[in-house]
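Here's a quick tour of one chain, written for someone who likes cut-offs spelled out. Have the viewer open and follow along.

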Amino acid sequence: MGIFLWNRHVLKSQLKSVLTASPDTEDLLGSLPTISLIKREVIYLKQQYERQEAELQTRQQAIDFAPIAYLRIDEENQLLWCNQKAQELLHIDRWKPGEIRLFLELVRSYELDQLIEQTRETQTPQTVEWTFYPTAHASQIAGNDAYTSQRFKQTPITLKGFSYPLAQRQVAVFIENQQPLVELSRSRDRAFSDLTHELRTPLTSIALVSERLQSRLHSPENRWAEQMLKETHRLINLVEDWLDLSQLEENPHQSLTCKPLQLSAVILSAWQILEPLAEQKQIRFNYQGLDEVILVGDRSRLIQVFINLLDNGLKHSPNGGQITVNVANIEQHQAIKIDILDQGAGFTHTDLPYIFNRLYRGDTSRTRQGFPNQSLGSGSGLGLAIAQEIIQAHGGSIMAQNHPDTGGAWIQVMLTKDT
């Protein structure tokens with residue numbers, strides 16, 4: 001009897017440690033047979049499994065019909081699953097749910113491949129925005145002319161991807177379609193360009209009338225005509241800048257007349273134009289680096305770039321400050337690096353992503369150290385955007401940041417030697 005009671009006690013202890021799924025198992029250990037307890041546990045586990053399976057299916061259906069694309073890639077770059085939006089955006093038409101295919105066979109996108117690889121290697125979330133060019137599969141091109149014709153009529157689309165590392169070196173990717181925003185921006189720019197084009201003629205007429213009035217009126221009335229003429233010229237410059245920027249965006253290479261030129265001479269020519277403005281604030285110019293650098297480019301356009309960049313530094317530099325231009329050779333990239341630094345307060349973190357956008361004026365705190373003449377210290381908001389378009393048309397790049405040592409604005413231009 002003692003052995004029986006001991007074995008029963010041991011059995012209940014084992015059941016108590018094993019049958020832990022159901023919340024009331026411990027209360028029923030002494031009142032129900034062992035078989036009944038095990039059956040209750042199995043039924044409870046089955047119900048829990050069915051509920052979790054239903055919840056999983058509900059979540060997967062929600063992801064499948066979500067307005068944002070979703071992909072899951074394993075450690076061997078095989079597509080495990082994707083939703084309908086991903087199939088639509090990336091034109092994944094040779095994959096069926098449940099099968100595992102090499103992702104490269106389904107989608108040809110270098111940027112997306114790099115996003116996945118960087119996420120897997122760094123185990124950190126990544127973000128990238130790129131233009132996706134749909135391509136047709138070779139067998140479909142050869143076997144279906146109607147498919148081929150329809151496929152190649154599809155235009156490139158702008159996408160933005162967000163990636164997250166998962167367990168077992170898998171990667172989850174969410175992709176947004178940015179094309180509607182791009183089209184909206186283009187439509188807005190076209191409308192604004194049309195408007196500025198229509199404004200050019202009446203503004204010129206107003207300027208002529210103002211000049212006539214200024215010569216015929218006497219003080220103090222002629223000051224009103226003088227002010228009207230200044231503001232009219234400011235509007236004309238804004239219109240010309242906008243039309244210039246639109247032309248660069250539409251036909252970047254046709255807007256250039258490229259010839260061999262001396263880079264240092266281009267930079268010094270730009271500074272000489274701005275030198276009278278620099279003298280008002282007693283700002284010095286410090287040129288460092290290479291003197292003999294020959295590039296192939298559009299001289300007038302590059303002078304325009306450096307006028308805009310140096311003028312930006314002048315506006316935000318303190319009285320008695322200095323603007324430094326450093327030109328260096330980057331052998332491994334066959335490029336020339338031009339660093340432009342001022343001694344101002346630098347860009348704010350909220351401004352940095354947008355300073356090359358059209359009409360972006362930035363934080364007003366950076367204009368408090370402007371010129372005595374307010375019209376000189378307040379730009380149209382197009383100078384840096386025009387500079388970026390010209391540099392990109394030359395095959396180069398431009399970026400802005402704050403110098404880690406001085407804290408001032410630091411604009412870096414990269415131009416290839418075979419521009």
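## Ground rules

Helices (H or I, at least four residues) and strands (E, at least two) are DSSP runs, numbered from the N terminus. The expected span of a helix is 1.5 Å times one less than its number of residues.

What you see is a predicted model, where local features need pLDDT of at least 70 and side-chain atom pairs count only at pLDDT 80 or more, while totals for chains, interfaces and linings use all residues. Numbering starts from 1 along each chain as its sequence is written, and side-chain values use heavy atoms, with hydrogens and water left out.

## The whole chain

The chain has 13 helices and 13 strands. Of its 419 residues, 38% count as buried, which here is under 20% relative accessible area, with exposed over 50% and partly exposed in between (1.4 Å probe, protein chains only).

The chain exposes about 24700 Å², and carbon and sulfur atoms supply 54% of that; the areas come from the Shrake-Rupley method with a 1.4 Å probe, and for residues only the protein chains shown count as cover. Take the contacts (heavy atoms within 4.5 Å) between residues at least 6 apart in sequence: 61% of them join residues at least 24 apart.

H9 runs over 221-250. Its 30 residues reach 44 Å from first C-alpha to last, close to the 44 Å expected at 1.5 Å a residue. The buried residues of H9 include Ala225, Leu229, Thr232, Ile236, Val239 and Trp242, and its buried set packs against H8, H11 and helix H13 (383-393). In general, an α-helix has 3.6 residues a turn, so residues three or four places apart point the same way.

Pro220 sits in the loop between H8 (179-216) and H9. The peptide bond from Ser219 to Pro220 is cis, with omega near 5°.

## H10 against H11

Helix H10 (residues 263-281) packs on helix H11 (residues 299-315) at about 35°, with the axes 8 Å apart. Those axes are lines fitted to C-alpha atoms over the stretch in contact, and angles run from 0 to 180 degrees between N-to-C directions.

How enclosed is H11? It is largely enclosed by the rest of the structure, because 14 of its 17 residues are buried.

Cys82 is found in strand S2 (residues 78-82) and counts as buried because its relative accessibility is 1%. Leaving out residues up to four places away in sequence, Cys82 touches Asp64, Tyr70, Leu71, Gln87, Ile92 and Trp95. The C-alpha atoms of Cys82 and Ile92 are separated by 9.2 Å.

Most residues other than glycine have a negative phi, and most peptide bonds are trans. His91, though, has phi near 60°; it lies in the loop between helix H3 (84-90) and strand S3 (101-102) and is buried at 17%. Gln123 has phi near 55° and is in the loop between helix H5 (110-122) and strand S4 (126-132). At 40% relative accessibility, Gln123 counts as partly exposed.
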